[in-house]
Every structure is written in structure tokens, then in C-alpha cells.
Amino acid sequence: AIVEMAWTELDEALERRILTSFLCSTETEIDAKAVRRTAAVLMAVCRKWRDALGQLSRRWLAEGAARPSYTRTLVATTARQRASLAEKAVKKWARYETVSLAERGAYFEVSCRPITKRAEDDMELLSDLVTWGERFTDHWQLGVYQCARCRRPLYSSRDKYSGPCRWPSWRRPLDGGVSTADVRGYGDYVCAVRELYCADCDLFLGHMFHDASLRGQPAWRH
């Protein structure tokens, strides 16, 4: 529909507002690659859209083609977010009682993308209850950390370090292991923050913070 609009006689200022709203929507479930593909289509079908998108496209390239950031999601609004087990007030507690290291099905059902505050809080609660405190914070055996749901390799033990919070910390992920999304308004952080998801199954993993250089580490800590 948005491509078809490019052929209509809309006011140019209105076109630009529609374009910005579509590509930078805070609630969009479109990933970065899909957004860039859509932008390429729009630029191809109409000169007016190409002119409007040129500057934005160049900025994405300069920033490593990052997805436009969105504000942290406090309330479930999308279909994926509403489908999270965290939103099922009647049955979620009974399902949560089944979660263990051997059986994590209900835990996986909580995850959604973009993650909501309620889903994130519930995943943190379940992790604490099942492991009696984060079991991997002081785990230093050599190896590769995998996604608990799909087993995609995420991090190497060689990049793990003792970070400033109670969760395990890494300097960097394995190539292609994680997918990220810039998020604004996460707690009291003043540094840049990104949500972390498994690159294969979109399981929510946590956050990365652009403050590690203050502690003598590479700029981002995971």
C-alpha cells in the first residue's frame, strides 16, 4: 500500500511525514533488513520518494545500516507482544511453575520482539528462580555459549569477563550470533543501549551498553 501511495498526487510534505512514520515507527516489527529493502523499493519506483529517502539511506550506511531506534516498550501492543505468556495473567503462574533447566518451554513463550517490560521482568524472575541467582556469572570453563532455544552459537568463553552487573558479561558476540535493536529510555542509562536477540530464533537475550570503555573494555558490553 505504501508503494502504491508513491504514485498518487500527495502533497510532498505529507509524503515525507508518511514515509518517516512508516520507516521509523516505534511499534514496527519489521527488522532492519526488511526496512532497508522497503526503502530500496520506494526509491526505485518514484523519484520523489528517492529524493526523500536519499539522506536517510546514506545515514543508515554511515551508521552500519542500523535499524531506527524505538522507545522501550512498556505495554504490549503488537500481536507478538500480546502472545507472550507474560500477558496471560490467568494461566502464566501455573505455567511458570513448570520451568526448570531441563524444561524451559514456558520460559521461551515469554520472549517476544520487541521485548516488553513485563516480559523482560518475568524472564528475569524465572531465570533467578530456576538458577538460584545467575549461574553463569562466575562460570569460566572454556567453550561456546549457545542459544537455549535453537542452539545457535552466541558467545565465546574467551570474550567473557567480570562485568559491572550481576548478569554474565561479554566483550563481543560470535559473528552473526545476535541481532540487535537500538532502544531509548532504558532505565536510568545515559549511554546508548541495544536489545539483544538470538539471530536465528529471536529469543530475547538481554542488552548491550555503550559504556564498557569507561572500564578499560571495548566500547560495547553485552
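The exercises below treat the chain as a whole, its core and its surface.

The model is predicted: local features need pLDDT of at least 70, side-chain atom pairs count only at pLDDT 80 or more, and totals for chains, interfaces and linings use all residues. Residues are numbered from 1 along each chain as its sequence is written, and side-chain values use heavy atoms, with hydrogens and water left out.

**Exercise 1.** Describe the chain as a whole.

Step 1. The chain contains eight helices and eight strands; these are DSSP runs (helices H or I, at least four residues; strands E, at least two), numbered from the N terminus.

Step 2. Of the 222 residues, 39% are buried, that is, under 20% relative accessible area with a 1.4 Å probe and protein chains only; exposed means over 50%, and partly exposed lies in between.

**Exercise 2.** Identify the residues of the largest nonpolar core that touch the most other members.

Step 1. A nonpolar core is a set of buried Ala, Val, Leu, Ile, Met, Phe, Trp, Tyr and Cys residues joined through side-chain atoms within 4.5 Å.

Step 2. Among its 32 residues, Val110, Ile115, Met123 and Tyr155 touch the most other members.

Step 3. At least two residues of this core come from each of α7 (105-110), α8, β3 (153-156), β6 (178-184), β7 (193-198) and β8 (204-209).

**Exercise 3.** Determine whether Leu125 is buried, partly exposed or exposed.

Step 1. Leu125 lies in helix α8 (residues 117-131).

Step 2. Leu125 counts as partly exposed because its relative accessibility is 34%.
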